[in-house]
Amino acid sequence: MLTLKQYIVHCDQKHSAIGHFNISNLESLKAVFTAASKRQVPFIVGVSEEEIRFIGIKQCVALVRSYREEYNYPIFLNADHVYSFQNAKDVIDAGFDSVIFDGVRLPLGDNIRETKKCVDYARSVNPNIVVEAELGYIGMPSRFLEAIPDDVHTDKKSFTNPDEAAHFVKETGIDCLAPSVGNIHGMLKFGKKPELDIDLIKEIREKVGIPLVLHGGSGISDFIFERAIFAGISVIHINTELRIAFRKTLFESLKNDPNELSSSVYMENALFEIEKIVDEKLKAFDTHKE
Ligand code: G3H
Ligand code: ZN
């Protein structure tokens, strides 16, 4: 089995993308695993600070490792957006395969300093760990949004600047960069998300020389995914679509059969919906399909 870093580099070279799916319980992990293993592709399980708190840091590692070991399967665990060095250190020490230090709301100099601190610490513990960082703000939570949040700017001049990105990567030594290229976290209740700037993705990829990660993948069309992948995206994050499907379907199951008490029964449809979405996304991320 390759390391996560090797899989990402491989995707970067052959223009395809690894799927990154957020989970917050064992059941959704199982659903994501079931879908990915049918396609026999490597994938990343993402847990945010909140999801780590909910599941438990050691439990996240143990659960993902149990799948990797039992099935000899390339499943990897990412700490998805950690906002402090201490939290990055905790997940690195716990054995995560990847960490995203999110210092995007810090002034650039502080973001560089804190990111570099995470990179140096990560390398000293595990040379194979993937360290990613963000440049350009794309909003906070994976939610169903009434409107684009006020603090997310969708005008092109607010997106990640390619030269600044190249400087950031050189100074920090990160493995992957998450840029702001028109993407936003979450989905809009009314209307579509803004278009991605494909030319900008291409320019950033050329200038930084490392793989790029697309956050805020929910609600983006397969056609745009394909163009983004060919422009330089190697990992794509999906969360909100899974959350919406899980909640909606679980709610329907509970409503339809108020007497069913077994969660292994009333959760079944919700998990099947997660499987379906993951399958569709993985199909879209495999740009070499027939
Ligand atoms: O890190 C998480 C992702 O970027 C998810 O974005 O909720 O829009 O799918 P999303
Ligand atoms: Zn994200």
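The legends below cover close-up views of a predicted model. Residues are numbered from 1 along each chain as the sequence is written, and ligands are numbered from 1 in the order in which they are written. Local features need pLDDT of at least 70 and side-chain atom pairs pLDDT 80 or more, totals for linings use all residues, and side-chain values use heavy atoms, without hydrogens and water.

**View 1. Residues around ligand 1.** Ligand 1 is surrounded by 16 residues (a heavy atom within 4 Å). The closest are Asp-80, Ser-142, Ser-218, Asn-239 and Thr-240. By class, this shell has 12 polar, two nonpolar and two charged residues; Gly counts as polar, and Asp, Glu, Lys and Arg count as charged. Strand 3 (75-82) and strand 10 each supply at least two residues of the shell; strands are DSSP runs (E, at least two residues), numbered from the N terminus.

**View 2. Polar contacts of ligand 1 (N or O pairs within 3.5 Å).** A polar side-chain atom of Asp-80 lies 2.6 Å from an oxygen atom of ligand 1. Polar backbone atoms also lie by ligand oxygen atoms, at 2.9 Å for Gly-186 and 2.8 Å for Asn-239. Taken alone, ligand 1 exposes 310 Å², and the protein buries 99% of that (Shrake-Rupley method, 1.4 Å probe).

**View 3. Lining of the largest cavity.** Among the lining residues are Ile-8, His-20, Ile-44, Glu-132 and His-237. Two or more lining residues come from each of strand 5 (130-135) and strand 10 (233-238). By class, the lining has five nonpolar, four polar and one charged residues.

How values were computed:
On a 1 Å grid over the protein atoms alone, a cavity is a set of points where a 1.4 Å probe fits but cannot get out, and a pocket is an open set with protein on both sides within 12 Å along at least five of seven lines; lining residues have an atom within 4 Å of a point. Helices (H or I, at least four residues) and strands (E, at least two) are DSSP runs, numbered from the N terminus. A polar contact is a pair of N or O atoms within 3.5 Å; within protein, one must be able to donate a hydrogen and the other to accept it, and residues adjacent in sequence count only if both atoms are side-chain atoms.
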